[in-house]
Amino acid sequence: MKTIIHREFLDHVQSLQFIILFVLSITLFAASGFVYVRAQTERDVYFRTQMTQAERYPSTMGVNLFRRPNPLGFVAAGGDQDRPSGYAVQGGELTPLPVNPRTFKLPAIPALDWSFLIRVLFSLYVILLGYNAVSGEKELGTLRLVLANPLGRVKLLVGKYCSIMGATLVPFFAGVLVNLIIVEAFLPGGLAAADLGRVPFVLLLTLAFFSLFALLSLLFSSLISRSSLVLLTLLAVWVLFAVIIPSSSIVLAEKMSTAPSEVESARNFEPMVQKEVWARIAGIQGRVNRGEFQTEDEIRRETDRIFEEGQVKVTEFYANYARAENERARKAKAMSRISPAALFQYAAEDIVGTGDTGEENFLSQCREYSRAVDDFILRKLGRIVRVSRWSFSTNMEFQGKPIVVSSPQPPNYQGDMSDFPKFVERRPAFGEAFKSALGDLAGLLVWNILLAGLAFSAFLRTDVR
Amino acid sequence: MFKTIVVREILEYLKSAKFALGLVITVVLVAASTLINVEDYALRHQDFLDAKKELQAESQRVNILRGPQVLSALVRGKDKDLGELVRGWVGDVPSELSGTMNVRKPKFPSLARLSAVDFAFLVRVVMSLMVIFLAYGAVAEEKAAGTLKLVLSNALPRDKLLLGKLASGLAVVLGALAVASLLAVIFLMLHPAVSLTGSDILRIAGMMAVSALYLSVFYALGIFVSVKVDRPAVALMVLLQAWIFLVVLYPNLSVTLAERLVPLPSEQTVAAEKAAVGDRFRKDIQEVNEKLGQATPTAEDRIRFNKVWSQDAEEIFKVDSEFSRLQTRQMNAAELLSSLSPAALYDQVMNRLARTDIREYERFMEGAVRLWRSYVERLNLRYTDPEAYKKSQLPDFGYASDSTSQTIAAVWPQALLLSLFSLVFFSLAYTGFLKKDLR
């Protein structure tokens, strides 16, 4: 057994694939480290200036909460560069701060993180290292000779499996090491121990992912006897897993979703505001003419009341829209989970705290904070003025003279702000992160068990002549 | 003799399992993806029509909707990710696209930045792989099997043999491409929501021609490696490494490199520039706002309000367009850097032909700014000359998209480069084969 692993491993190490993979791994992981360090330093500076500004000028009129850039973004960026940098908290409402797609003119390329290198590049090289494990020996005729020795087929296959994994993991770990050293050395402040502690779990995940592709290679290699055909089939599966399934799931989710689309929501918005607010505010002039109001103040109070009632509807409307979008995103994600590459990505994002779970976690903390701010305002000012993404200002006539009524402004509390709530972002504890990754991890394991069973039964029945 | 070789080789290819497998994979994927993408286009087009009816009608603002390009069903490019709506009012030049709910894209950050699975992707990735599998053994396999010696012991010049192999391989590859393209075009044309103009058809023809050029680069590369490397398995490995580099790695790395080489000013810098403009106009803006906030603003107040706000908007727009210009420069740098990769060249040409590239977006935005300017002009007319205002009408939104001949004029360098690549690889294969040791 040891002999087989040793022999196979040496074979791999001498192959062209291995040498190129080794060079590529070191180069790309190093590049990934440098690109990350630079971008992360910029993001950190931006975050710190924005956050200090927000902390220096606390206001009851609205607070901007910025999200701290995840220090483990180089492991799995999770699309965080395309997510809002934070949320504006105002009168109980959370509005995402605009995403600034600075580089939207460039061809959209995935972030050069570990996740990309593992999902796209290493999975491909696992295939290139493993595709001819059985079929290659069969073509050469050595399979018969090997099996003529007192050696079980299971043992042979396990040996081949271990050597494929070994030949992939050696360059991988070398690259990862280079990457970690670069990040640790050049990132101002380096990495915290708690963050580094999460890395081994990502590595375990990676092991499961590589193993899946190794088993896949062994399976097809045992099933198909021509090596080039094995490779062609494996490459088709690779394209399917790495790109086609995840990418198509977005379009399919949009097509299948029954929730109102963005355009439908946008079309319903104006009529809703017209009915709930404008029509009622316009009606006030009639009520003024009928003499329902005695003073100008009464009119203002009434328009404020109508506006605030309208705000409830507007908030509800945006919440419904967000729910529809989330439902579509969930559907797309669920469908993409057919692909193990997606399973790996989501699990890695969960563990490092980026991606959808990371954003959801941040958002729930913003909500909590928003409630604390509301409490503060209620305590100090007695009233919360909701502010939405629109406002109004209109002319009216009262007792023969023109007046202007406009939407209320949130009051600015000038008194003691020392007990104004402070926002401290907490990243989910490792236990929590691991729990949310568990489902995807289980998916990867199921794939592994399934493929292992299939590969072994296929190899046991392979005709070695 | 030449004909015999071509016919024999073609038959060999057609019989081979790898061709059958590759063709089945390609056809299934092209059919499925085109069906999905055409449906997606139809959905977006319907959304566009619906939104146009209701969203564009606001009088206080300039709302301009961007419809999907019909050819995005074949080459999605940037079409779906840019946004559908641009808004402006007197105090804000329309300068960025968003979704109709005023949300910036993308909506699926975890899954975004993956290539769209469209016809262009399938040619760029799947068919180029298939071509490599067809080409790697052309010479190496015959050499390994020992038949090369036998074939050349006939009265047959070497160059004829190689040309025959090349012609037959190309014929098979282009045949497969023709089948796939035909399928895609049929699915596109049969959909009730799609109506193609003559120019669209021309563009599709252009796409097919470029696809053929692109695949022939990989075929020539395949033959070259097959001539140079004697063991077919090694030839295949070398080719796959080249493919990974040219299709997967290099285009990505060149974009990353361009980001570093042509840096954009930081968000703080841009914000500071805008704040400086705001400071210059603050007093005027405060004044006109107060005047307009009175119960009975005069016509002069209104004109002054529009003037101050629109001047402020134009100044802010200058900052924005300077930034946008730098973004374009960065993009040009990325395109230039990536032009060593046939896959990147192919993408550029296809996006341009399908009108799903950034240049189309820039034309659209120029049109939006023009419309905003005439909107502001007309707004002033309302108070200076109400009669003329009533008679005048805001022009319909429109922008000058590239004509087909302009597009062709723009993409010929890339197409030429692609032809050059295949020519170089083929000449290398040719000279290599003439000198090849047959034993």
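Colleague: Let us begin with contacts: which residues is B:Val131 in contact with, leaving aside its neighbours within four places in sequence?

Modeller: Two residues are in contact if their C-beta atoms, placed from the backbone, lie within 7 Å. With neighbours within four places in sequence left aside, B:Val131 is in contact with B:Val173, B:Leu215, B:Phe218, B:Tyr219 and B:Gly222. Please note that this is a predicted model, in which local features need pLDDT of at least 70 and side-chain atom pairs count only at pLDDT 80 or more, while totals for chains, interfaces and linings use all residues. Residues are numbered from 1 along each chain as its sequence is written, and chains are lettered from A and ligands numbered from 1 in the order in which they are written.

Colleague: Which residues touch the most other members of the largest nonpolar core?

Modeller: A nonpolar core is a set of buried Ala, Val, Leu, Ile, Met, Phe, Trp, Tyr and Cys residues joined through C-beta atoms within 7 Å. A residue is buried if 20 or more other C-beta atoms (placed from the backbone) lie within 10 Å of its own, exposed if 12 or fewer, and partly exposed in between. The largest core has 174 residues, and A:Leu218, B:Leu74, B:Val131, B:Ile132 and B:Ile223 touch the most other members. Helix H9 (residues 227-256) of chain A gives the most to this core, namely 17 residues. There is also a second, separate core of 26 residues, which includes B:Ile64, B:Leu85, B:Leu97 and B:Val255.

Colleague: How are helices defined, and where does H9(A) bend?

Modeller: Helices (H or I, at least four residues) and strands (E, at least two) are DSSP runs, numbered from the N terminus. The bend at a residue is the angle between axes fitted to the seven residues ending there and the seven starting there. In H9(A), a bend of about 45° occurs at A:Leu240. Of the 30 residues of H9(A), 25 are buried, so this helix is largely enclosed by the rest of the structure.

Colleague: Where does the kink in H8(B) lie?

Modeller: H8(B) has a kink of about 45° at B:Leu249, shortly before the proline B:Pro251. As for length, the expected span of a helix is 1.5 Å times one less than its number of residues. The 30 residues of H8(B) should span 44 Å, and its end C-alpha atoms are 40 Å apart, which agrees.

Colleague: Which residues of H1(A) are buried?

Modeller: Helix H1 (residues 2-14) of chain A has 13 residues and reaches 18 Å from its first C-alpha to its last, close to the expected 18 Å. Within H1(A), the buried residues are A:Glu8, A:Phe9 and A:His12. They cover an arc of only 100° around the axis (taken from the directions from the helix axis to the C-beta atoms), which puts them on the same side of H1(A). On the other side, A:Lys2, A:Thr3, A:Leu10 and A:Gln14 are exposed. The cover over the buried residues includes helix H2 (16-56), helix H3 (114-130) and helix H6 (153-186) of chain A.

Colleague: How many residues does the contact take from chain B and from chain A?

Modeller: Chain B gives 61 residues and chain A gives 64 residues. On the side of chain B that touches chain A, the elements giving two or more residues are helix H2 (17-55), helix H3 (119-135), helix H8 (232-261), helix H9 (267-293) and helix H10 (299-338) of chain B. That side divides into 35 nonpolar, 14 polar and 12 charged residues. Here Ala, Val, Leu, Ile, Met, Phe, Trp, Tyr, Cys and Pro count as nonpolar, Asp, Glu, Lys and Arg as charged, and the others, Gly among them, as polar.

Colleague: Which residues of chain B does A:Pro107 contact?

Modeller: Neighbours within four places in sequence aside, A:Pro107 is in contact with B:Pro251, B:Val255 and B:Ala334. A:Pro107 lies in the loop between strand S3 (93-96) and H3 of chain A, and is buried, with 24 other C-beta atoms within 10 Å. In the other direction, B:Lys107 touches A:Glu325 and A:Ala329, not counting residues up to four places away in sequence. B:Lys107 is partly exposed, with 19 other C-beta atoms within 10 Å.

Colleague: Finally, what is phi of B:Arg355?

Modeller: Most residues other than glycine have a negative phi. Phi of B:Arg355 is near 60°, a positive value. B:Arg355 is found in the loop between helix H11 (342-354) and helix H12 (358-384) of chain B, and counts as buried with 24 C-beta neighbours inside 10 Å.
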